[in-house]
Amino acid sequence: MTDVELTGDGAAAVLDPPTTLPAAPSAVRSRPRTRTSWRTRVSASGRRELLWITVVYLAARAVLVLAAYLQGRFGHHGILTEFANWDGLWYRRLANHGYPQHVSYGQTTLGFFPLYPISIWLLTPVVELVSPWQQIWASTMAGVVISGVGGWVATVFVHRLTDGWWGRDVARRAAVLFILTPGAVVFSMVYSEGLLLPLAAICIWALERRKWWVAGIAAGFGSAVQPVGLALAPVCASAALVQLWRHGWRSSEFRASLKAPLLSVVGAACFMGFMWAWAGNPLATYIAQHHGWGEKTNLLAMVDAVQRLAPALDPNHFNHPTIDLNLVFGEIGGVIMVVELMLLWFYRHELSLPAIVWTVAIIFLALTSEYTPPNPRMVITAFPGLLLFARYLKGRAFNLLIALSFVLFVVLSLLTFVGYSMRP
């Protein structure tokens, strides 16, 4: 008899009992068949999970496409215009026209990081070859395709991470919640989260398995997607600190782990170098964001948002202009993130340190941002915190959460696609 034991990285190890006599040649030859059979079963299970994730993910995308089509048909909006609303217009402009060659204190394409527009620029000629669209609409479709594929990759790694933390049942609940959370609308729009979130999930997954090169490269690319991607640097540093604590500073394990934090800032550093040469200032993007969009850190940002929202809710002034739904759902997102922090503390021993650092960093940025409140997009960006709801809730409670999330997923997406009452 042989005992099959599952090792930490998911590989099967065949262990002989201590009293087993030396194996005969035929017995030795039989072992590869046992191991192959086990791997085949694991591979088949993995394929089933991948198929299940793909079906659920594509069904959610199809619902949004249908909703956008019907809204465009009856509201006379172009469906591609809906998918490129808000920041999508800026990303498309950047992909097609590039950066200005001077520092600007207004709202220009300087306010956006380059990797996602570069991806759009590379894919646009391919879309033009296989479709009747010209550059503008082809670049829009290219951005949607990149976001959609990236969202699927992010979902796969969210499932894998959660499976490692809490098992298959919770992983499935987490994947469904991730797919149907309102912030997942970014996977059907020209938004860079479709590139950032898979890179962040891959980075955390690789750090947990001590794949330092993979984690560092993913983090390095993530730092060139958007400013939030810079949070991957402390995420990688936290994994290196764990190795330092366990093995000491002279150990090969610690020295190897330093690859990840060193690589994590390469993308942002290259971008700053490019801006220095192109626009004459390595901080050109920060200047555009700070002055053009008023982006800054404010520890009382949520309080200020309540004060801005209060006049619109005054029953004596219902003739006030339309309520800013960005503030409403920003406050709701703030409450959700506070609950996530409490759950994070409760389940802190079940999560890896990189996942905790990423969640806390994103929540801090969202709660203290003057311009970007904890909207649905920021809630899904802090995805390990979101997944805690799948860990905490089950049965009827979780089904009710999914039903509510699905309704908001569709309704808020329709509001996001048209007009400026609701940001993603």
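View 1. R209 is partly exposed, at 29% relative accessibility (buried means under 20% relative accessible area, exposed over 50%, partly exposed in between, with a 1.4 Å probe and protein chains only). This is a predicted model, where local features need pLDDT of at least 70 and side-chain atom pairs count only at pLDDT 80 or more, while totals for chains, interfaces and linings use all residues. Residues are numbered from 1 along each chain as its sequence is written, and side-chain values use heavy atoms, with hydrogens and water left out. Look for the salt bridge between the side chains of R209 and E208, at 3.5 Å from N to O (a side-chain nitrogen of Lys or Arg within 4 Å of a carboxyl oxygen of Asp or Glu). E208 is partly exposed too, with a relative accessible area of 24%. By this rule the count comes to six salt bridges.

**View 2. E49 meets R172.** Here the closest N and O atoms of the salt bridge are 2.7 Å apart. E49 sits in helix α1 (residues 25-75) and R172 in helix α6 (residues 168-180), so the pair ties together parts 123 residues apart in sequence (helices are DSSP runs of H or I, at least four residues, numbered from the N terminus). E49 is buried at 7%, whereas R172 is partly exposed at 31%.

**View 3. R377 meets E193.** These side chains form a salt bridge of 3.2 Å, N to O. R377 belongs to helix α17 (residues 376-381) and E193 to helix α7 (residues 193-208), so their pairing links parts 184 residues apart in sequence. R377 is buried at 7% relative accessibility, and E193 is buried at 1%.

Definitions and conventions. Helices (H or I, at least four residues) and strands (E, at least two) are DSSP runs, numbered from the N terminus.
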